[in-house]
Amino acid sequence: MSQTGSVWLVIVAAFVAANLPFINHRALVLGPVIRPRKSLVVRLLELLAFYLLVGVMALLLERRAGQIAPQGWEFYAITGTLFLTLAFPGFVYRYLLRRHG
């Protein structure tokens, strides 16, 4: 896979993973259905878990390309806020647009 393809794969995977906690009622997508509803805290913990999962995938793709670069706290701050920004459509759907009841 080319570097461009790897970058787009990480971006698409991050978008999908960032929105999964807000679209799905299961614990970490594959677990049991949480009744009556998942709280915002559980969704944010899932969001953190998916952020780490996408980060590991990106690290493996970077290692495969042979360009591992050391990252400081700034990198994680920026990628974390980018991941939260990508989660915005799912948050809007779950808490602002979807009518409950």
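Trainee: How do α1 and α2 run relative to each other, roughly parallel or roughly antiparallel?
Mentor: They are roughly antiparallel, a term for angles over 145 degrees. Helix α1 (residues 3-23) and helix α2 (residues 40-65) pack at an angle of about 170°, and their axes lie 8 Å apart. Axes are lines fitted to C-alpha atoms over the stretch in contact, and angles run from 0 to 180 degrees between N-to-C directions. Helices are DSSP runs (H or I, at least four residues), numbered from the N terminus.

Trainee: How reliable is this, and how are residues counted?
Mentor: This is a predicted model, in which local features need pLDDT of at least 70 and side-chain atom pairs count only at pLDDT 80 or more, while totals for chains, interfaces and linings use all residues. Residues are numbered from 1 along each chain as its sequence is written, and side-chain values use heavy atoms, with hydrogens and water left out.

Trainee: Now the loop: where is Leu28?
Mentor: Leu28 sits in the loop between α1 and α2, and Val29 lies in that loop too. Phi of Leu28 is near 50°, and phi of Val29 is near 70°; each is a positive value in a residue other than glycine.

Trainee: Is Leu28 buried or partly exposed?
Mentor: Leu28 counts as partly exposed at 47% relative accessibility, that is, between buried (under 20% relative accessible area) and exposed (over 50%), with a 1.4 Å probe and protein chains only. Val29, at 24%, also counts as partly exposed.

Methods: Helix = DSSP H or I, 4+ residues; strand = E, 2+ residues; numbered from the N terminus. Parallel < 35°, antiparallel > 145°, perpendicular 65-115°, else oblique.
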